[in-house]
Amino acid sequence: MFPLDNSQLHPVDTTQTYVTVILPVAVPKPYTYYVPEEFVPQVKMGIRVEVQFGKNKLYTALVVEVHNKKPEAYRPKSIISLIDEEPIIQPIQLKFWKWMADYYCCTLGEVMNAALPANLKLTSETIITISPLFDDDFSDMNDKEYLIAEALSIQSELPIEEVRKILDQKTVYPVIKSLLDKKVIYIKEDLKEKFKPKKIHCVRLQEPYLSNPALLEEAFELLSRSTRQVEAMMAYLQLEKKSDYVRRQDVCKKADVDGSVIKAMEKKGILEVYEREVSRLGSYEEGTAEAHELSDQQKKAIKEIDESFKEKQVVLLHGVTGSGKTRVYMEYIQQALKRGEQVLYLLPEIALTAQLITRLQRIFGNEIAVYHSRLNNNERVELWNEVLDGKPLIMGARSALFLPFQKLKLVIIDEEHDPSYKQRDPNPRYNGRDAAIYLAHLHGAKTIIGTATPSVESYFNAKKGKYALVEMPNRYGGIQMPEIIVADLKNDFKERGKQGQFSSTLLDAMEETLKNNEQIILFQNRRGYAPVYRCSTCGWHGECRHCDVSLTYHKGFNALKCHYCGYQAKLPPDCPACGSKELRLQGLGTEKIEDEIKIYFPEAKVGRMDFDTVRSKNAHAKIIHDFEEGRLDILVGTQMVTKGLDFENVALVGVISADQILQFPDFRAAERGFQLMTQVSGRSGRKKKRGQVIIQAIKNDDPTIREVRDHDYFSLFQREINERQTFQYPPFYRLIRITLKHKKTDILNQAGYIYGKYLQQHLGQWVKGPAVPYISRIRSYYLLDFMVKLERDPKKISFAKRTIMDAQTHLHHTEGYSGVRVSVDVDPY
């Protein structure tokens with residue numbers, strides 16, 4: 001039997017052109033529209049078009065195919081307008097999106113939503129327009145209605161925001177409703193493009209002075225009666241020598257004049273004010289420098305990587321903290337840039353970019369650009385366009401994967417082990433490391449994944465020969481690995497009683513370090529002041545209204561806060577349950593540690609780096625810069641301080657509670673604990689001399705703590721790989737977690753029965769659950785988990801994914817359960 005071609009599946013209409021588009025909504029498959037004749041010459045794959053989907057909603061859709069195949073299941077609507085002249089994505093990007101949607105069990109629309117900057121997605125905005133039934137009779141209107149009707153008779157259309165301005169009031173819907181009832185106006189949905197290029201006011205000489213500078217003497221004569229105008233002219237001429245364009249505000253600032261002076265000079269025909277489009281991304285204006293000489297170990301690593309790339313596409317660079325992996329990356333970046341290729345340098349978190357971008361800019365100048373979630377929407381669009389035009393070097397967090405690369409030939413994934421590479425919510429729930437490796441494969445690019453603490457999966461892949469493995473076992477410059485001391489908190493508290501959070505070992509070391517004018521990093525992986533506010537009489541504790549978690553006390557806000565939904569509550573003066581005044585704060589977070597340091601070391605300058613202190617765009621860079629410049633003696637932080645930061649004067653690192661890191665209900669607890677403690681230990685003694693690390697623990701005989709102390713990654717790997725093989729966990733088995741969510745427990749439990757029954761019928765013993773998760777309610781939604789665990793067989797995995805999506809459709813088509821949310825997380829770790 002011969003396979004059917006497309007023409008047998010879809011009737012071909014050679015007289016009509018159709019487009020298949022992706023809509024930025026979670027519909028299961030792309031949608032087809034027909035193309036009006038006037039748009040046919042301009043329509044092409046990769047451009048955006050305006051379409052109607054649903055009753056009244058207008059969307060920006062992305063064209064993925066132009067064809068002549070008319071859909072049989074529905075009558076296609078017409079596209080309304082073309083938004084772009086040239087494609088904003090490349091065919092290879094679309095291929096990447098399709099892979100991501102298929103692999104991570106989501107829709108193409110959800111991938112598109114994640115991939116495109118917000119300002120390339122147009123918003124549906126309400127527009128009011130004059131009704132054709134209106135006969136210019138204003139007699140039956142009040143003052144506000146008259147104002148709007150009159151404005152519409154002049155402008156024909158008004159967005160709601162403009163109506164608010166005209167009436168000078170926020171609530172305008174009653175007025176609009178009245179005008180609708182009187183058939184004076186009607187509402188239509190219009191699309192508003194958000195991105196607008198940034199423009200600044202600049203000044204330049206008018207003719208004839210612009211083309212004939214010899215005439216400037218005459219210009220000065222015209223200005224001679226006004227000292228301020230002469231000073232403004234002098235300022236302009238000085239600035240004009242240094243730059244391609246001169247901003248009006250720079251002239252005013254340099255000459256200490258205001259805009260009226262420039263306006264007067266414009267009237268005299270000497271200066272001209274004009275608008276210029278500029279980038280929001282800024283530029284590097286200092287000189288570049290050569291990268292420092294390679295060490296013997298770095299040269300050896302480069303030689304081994306070169307050899308590996310002859311046979312393998314992916315190399316795992318396993319180098320201890322401070323071994324100089326970044327310098328190796330720089331060598332490969334320089335080679336790629338000389339060949340005119342593009343490079344993607346991925347980092348797990350924005351906090352890492354601040355320090356590293358400065359180092360790379362010194363070498364690569366303006367060839368580098370940074371892409372991350374803290375950029376505003378207009379900056380993202382500009383960077384998107386720069387990459388489309390061939391920007392050579394992009395550094396970014398996981399979202400940088402979606403940029404429209406043209407000539408991507410090298411991908412570097414730094415700190416590849418980091419869990420921040422995993423997108424948790426919303427869809428697509430992708431792993432940035434794994435997706436980057438696939439993206440590199442599509443582009444035919446080489447990939448270097450580097451870390452001091454490889455993930456068990458990556459090291460397993462290297463040992464099995466899927467990746468090449470290159471080791472850098474020594475620190476740069478011959479510096480020794482830090483001395484790691486385990487402080488026994490149990491004995492310490494026995495001997496001197498529990499006094500605060502610091503052992504005598506850590507306090508003595510801190511005192512010595514500060515005496516030597518050296519710096520300290522203290523790591524506690526919990527923000528806030530105290531995680532529990534409890535009544536010691538009846539046991540009541542502060543809980544979130546919307547989530548099944550305790551509220552954390554934040555001293556900075558003097559409030560109890562939920563770290564899951566953001567709910568905030570005041571501290572009750574007495575117990576809401578029994579009325580007792582015996583309320584106590586229990587546990588510790590970074591705020592409490594910061595407070596206690598000030599008791600022991602009142603003269604020390606203390607900084608804190610956690611989610612609460614780095615909310616603003618440049619806050620993390622300021623904290624890092626202050627610590628680098630020695631304006632802080634002690635830096636307290638969460639896992640942000642563990643990630644690849646390089647401080648030359650840090651002599652001591654303290655891990656406040658190793659037990660808290662390791663005692664976590666997760667099969668990766670030991671691996672993650674080893675990574676966190678090893679990474680933060682690596683911040684100590686990187687440049688001058690051997691550093692010291694003190695790990696505080698009650699259970700100090702834990703094998704993971706011993707492996708951290710001995711810098712013994714291989715023993716950890718061997719132990720973990722044996723346990724995972726025995727208990728059927730990755731990398732030997734694949735996991736897919738499905739979470740059902742609903743605000744009512746009875747509906748959720750019944751939905752769990754229906755969904756679970758469908759899965760069990762088709763997947764049998766691969767299905768585990770349902771089970772109530774560790775945190776059973778988040779943002780008012782109750783949760784129920786299933787886990788699908790199966791062998792690493794592509795056919796079985798593909799079948800399981802199809803069944804999971806079919807089960808979701810089955811549940812939503814069952815009466816009464818369409819409102820149950822289902823989230824699928826492939827590789828949930």
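## Rings that meet

A search of the whole structure, which is a predicted model, turns up 24 aromatic pairs. Take Phe309 and Tyr332: their ring centres are 6.1 Å apart and their planes stand at 90 degrees, and because an angle over 60 degrees counts as edge-to-face, that is what this pair is called. The two partners come from distant parts of the chain, with Phe309 in helix H11 (residues 296-309) and Tyr332 in helix H12 (residues 325-338), 23 residues apart. Phe309 and Tyr332 are both buried.

Tyr459 and Tyr713 make another edge-to-face pair, with 5.0 Å from centre to centre and 75 degrees between the planes. This pair also links distant parts of the chain: Tyr459 belongs to helix H16 (residues 456-463) and Tyr713 to helix H24 (residues 713-727), 254 residues apart. Are these two tyrosines buried or exposed? Tyr459 has a relative accessible area of 4%, which is under the 20% cut-off, so Tyr459 is buried. Tyr713 has 6% relative accessibility, so Tyr713 counts as buried by that cut-off too.

## Helix H24 and its surroundings

Helix H24 also packs against helix H22 (residues 669-681), at an angle of about 165 degrees and with the axes 10 Å apart. Because an angle over 145 degrees counts as roughly antiparallel, H22 is roughly antiparallel to H24. The crossing of H22 past H24 is left-handed. Which residues make the contact? From H22 come Ala670, Glu671 and Phe674, while H24 supplies Tyr713, Leu716, Arg719, Glu720 and Arg724. So Tyr713, the ring partner of Tyr459, is also part of this helix contact.

Phe717 is another residue of helix H24. With 5% relative accessibility, Phe717 falls under the 20% limit and therefore counts as buried. Leaving aside residues up to four places away in sequence, Phe717 touches Val456, Tyr459, Phe460 and Lys463.

Some rings gather in a group. Phe96, Trp99, Tyr103, Tyr104, Phe402, Tyr430 and Tyr438 form one aromatic cluster. Tyr103, one of its members, has a charged neighbour: Lys801 lies over the face of the Tyr103 ring, at 3.9 Å from the ring centre. Elsewhere, the charged end of Arg204 sits over the ring of Tyr274, 3.9 Å from its centre.

How do helices H2 and H15 pack? Their axes are 10 Å apart and the angle is about 140 degrees. That angle lies between 115 and 145 degrees, so H2 is oblique to H15. H2 passes H15 in a right-handed crossing. On the H2 side, the contact is made by Ile92, Lys95, Phe96, Trp99 and Met100, and on the H15 side by Asp434, Ala435, Tyr438, Leu439, Leu442 and His443. Phe96, Trp99 and Tyr438 take part in this contact, and they are also among the members of the aromatic cluster.

Most residues other than glycine have a negative phi, and most peptide bonds are trans.

Now for some exceptions. The peptide bond from Asp425 to Pro426 is cis, with omega near -10 degrees, and Pro426 is in the loop between strand E16 (408-414) and helix H15 (432-443). That loop also holds Pro428, and the peptide bond from Asn427 to Pro428 is cis as well, with omega near -5 degrees.

Cys105 is not a glycine, yet its phi is positive, near 55 degrees. Cys105 is in the loop between helix H2 (91-103) and helix H3 (108-115). Its relative accessible area is 6%, under the 20% cut-off, so Cys105 is buried. Asp827 likewise has a positive phi near 55 degrees, and Asp827 is placed in the segment after strand E34 (821-826). With 3% relative accessibility, again under 20%, Asp827 therefore counts as buried.

Technical notes. Residues numbered from 1 in each chain as written. Predicted model: local features only at pLDDT ≥ 70, side-chain atom pairs only at ≥ 80, totals over all residues. Heavy atoms only, no water. Phe/Tyr/Trp six-rings, centres within 6.5 Å; stacked < 30°, edge-to-face > 60°. Helix = DSSP H or I, 4+ residues; strand = E, 2+ residues; numbered from the N terminus. Buried < 20%, exposed > 50% of the residue type's maximum accessible area, 1.4 Å probe, protein only. Lys NZ or Arg CZ within 6 Å of the ring centre and 35° of its normal. Axes fitted to C-alpha atoms, helices over the stretch in contact; angles between N-to-C directions. Parallel < 35°, antiparallel > 145°, perpendicular 65-115°, else oblique. Left-handed = near helix turned anticlockwise from the far one by under 90°. Contact = heavy atoms within 4.5 Å.
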